Amino acid sequence: MGLFRHDISLGSEFIESKIRKISAELTGGNHDTAKGSKSTFGKKERELVILKRQKKAMADDVDEALQRYPTVEGAYSSALLTKVISASIKWKNAPEQRLYADGVLSYYKSVKPGPSGNVVEKYCHLNAQWLHGMCAKCVHIVPKSLESDELAYLFGVREVDLSEPRNGITLETSTHEALEKGWIVIVPDKPRYGGEAIWRCIVVQKSMTSNLLYCRSTWKDIDGRPLEFLNSNRPARRYLYLRYVMTYLQQQRLGNVEWFDDAKARGYHWGLPGPYLRKSMLIALARRFSDQGLPECFYESTFTVADGSPQRSAEEENDLAMALYYKMQDDYAEVTGYREEYSDKSDGDESDDDESDDDETDDDEWGDDSDSEEETSDGRE
């Protein structure tokens, strides 16, 4: 059963108080003050915009960060920082993928100078190893192409920003591709009281477990392996949960649910229920993929009411779900080439040109991320 309200948490109460405080400060402010005060005034306004338009996400992020920070102010500062980093990407004159990668690498402290000093090394959160910069990539957990009003409604906010560092991790190139294609997924163990959650990689494509991955290891070797982080920062749970849901829906459509049953049998199912996705919207979206919908356990991590993001009518929700469904289709087709699996039979003949276009898109993305290596070759921590 989905959680009825999210606004009983400490994070939600703090965000409400912060909105009132900043609003009062701005109301009492003087627009004709000195330049320094004007700068402060502008920062406060920007902060207020983030709090109001991403209210639920900020509250959830503060609640998650409270496990790693002794005070709510510290947790809030950490949550706000990722939004500010993401906002800065929108006005910097550089490729967005490069700036996104820089933000992710900095947030997780997962880049350092290489031995020669001419290249950088990046840390793979799954292998727990430092790799040559060209061998590791920063992956969007929720694809950037899904950023939309439909996705914002699903998350219970007025706008969603998928360029923030908490929507990313750093992976070796093979596992980076595997996450995008739905061959692997990341799930949390049920945390011990007061402890940090352990995130594990689950191999979804069981037919490839014996295949060679890298360095004489196989895909089976990473099945169930925990991710390891270098600092206290973690991805946002809502992004990992949506990727988990997307992977299940895509694999269910392809007739592959063995991985899910196997993961549950080993105790590797989602162990952190929370108010991540809007229940009514998730139901409508799941029905687009399959008449079977989602197993009931998926709805344990949903909400029904989100302050600042009013409930829509059933007809409006169906329209939103339809639009988001096709965005997910298009993204899955782009990264896998399996467009025919998601099309009517009459539309099943995809040309070679379409596939080559997809390949070009992937190459461009790698190129942008490679640019980030040149930008960070000065050894930035």
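# A tour of the predicted model

Start at Leu80, which is buried, with a relative accessible area of 14%. Buried means under 20% relative accessible area, exposed over 50%, and partly exposed in between (1.4 Å probe, protein chains only). This is a predicted model: local features need pLDDT of at least 70, side-chain atom pairs count only at pLDDT 80 or more, and totals for chains, interfaces and linings use all residues. Residues are numbered from 1 along each chain as its sequence is written, and side-chain values use heavy atoms, with hydrogens and water left out.

**Stop 1: around Leu80.** Leu80 sits in helix α4 (residues 72–89). Helices (H or I, at least four residues) and strands (E, at least two) are DSSP runs, numbered from the N terminus. Now select Glu47, Ile50 and Met58. Leu80 touches these three, not counting residues up to four places away in sequence. Contact means heavy atoms within 4.5 Å. Met58 is 22 residues from Leu80 along the chain, and their C-alpha atoms are separated by 7.5 Å.

**Stop 2: the largest core.** Select Leu151, Ile169, Leu242, Tyr244, Trp270, Leu277 and Leu294. Of the 78 residues in the largest nonpolar core, these touch the most other members. A nonpolar core is a set of buried Ala, Val, Leu, Ile, Met, Phe, Trp, Tyr and Cys residues joined through side-chain atoms within 4.5 Å. Helix α9 (residues 237–253) gives the most to this core, with nine residues. Zoom in on Leu242. Its contacts, leaving out residues up to four places away in sequence, are Val142, Leu151, Leu154, Phe155, Leu277 and Met328. A second, separate core has 17 residues, including Phe14, Ile22, Leu48 and Ala75.

**Stop 3: two packed helices.** Show α9 with helix α12 (residues 314–336). They pack at an angle of about 75 degrees, with their axes 12 Å apart. That makes α9 roughly perpendicular to α12. Axes are lines fitted to C-alpha atoms, for helices over the stretch in contact, and angles run from 0 to 180 degrees between N-to-C directions. Angles under 35 degrees count as roughly parallel, over 145 as roughly antiparallel, 65 to 115 as roughly perpendicular and the rest as oblique. Which residues meet here, from α9 and from α12? Leu242, Met246, Gln250, Gln251 and Arg253 come from α9, and Tyr325, Met328, Gln329 and Tyr332 from α12.

**Stop 4: helix α11.** Select residues 279–289, helix α11. Its buried residues are Met281, Leu282, Ala284, Leu285, Ala286 and Phe289. Their cover includes α6 (149–155), α9, β11, β12 (302–305) and α12.

**Stop 5: two positive phi values.** Go to Lys109, in the loop between α5 (96–108) and β2 (111–113). Its phi is near 55 degrees, a positive value in a residue other than glycine. Lys109 is partly exposed, at 44% relative accessibility. Next comes Ala128, in the loop between β3 (120–124) and β4 (129–132). Ala128 has a positive phi of about 55 degrees although it is not a glycine. At 30% relative accessibility, Ala128 counts as partly exposed.

**Last stop: confidence.** Colour the chain by pLDDT, the predictor's confidence in each residue, from 0 to 100. The chain mean is 84, and 81% of its residues reach 70 or more. Among the elements, helix α13 (residues 352–375) has the lowest mean pLDDT (41) and strand β11 (residues 277–278) the highest (98). Finish at residues 340–381, where pLDDT stays under 50.
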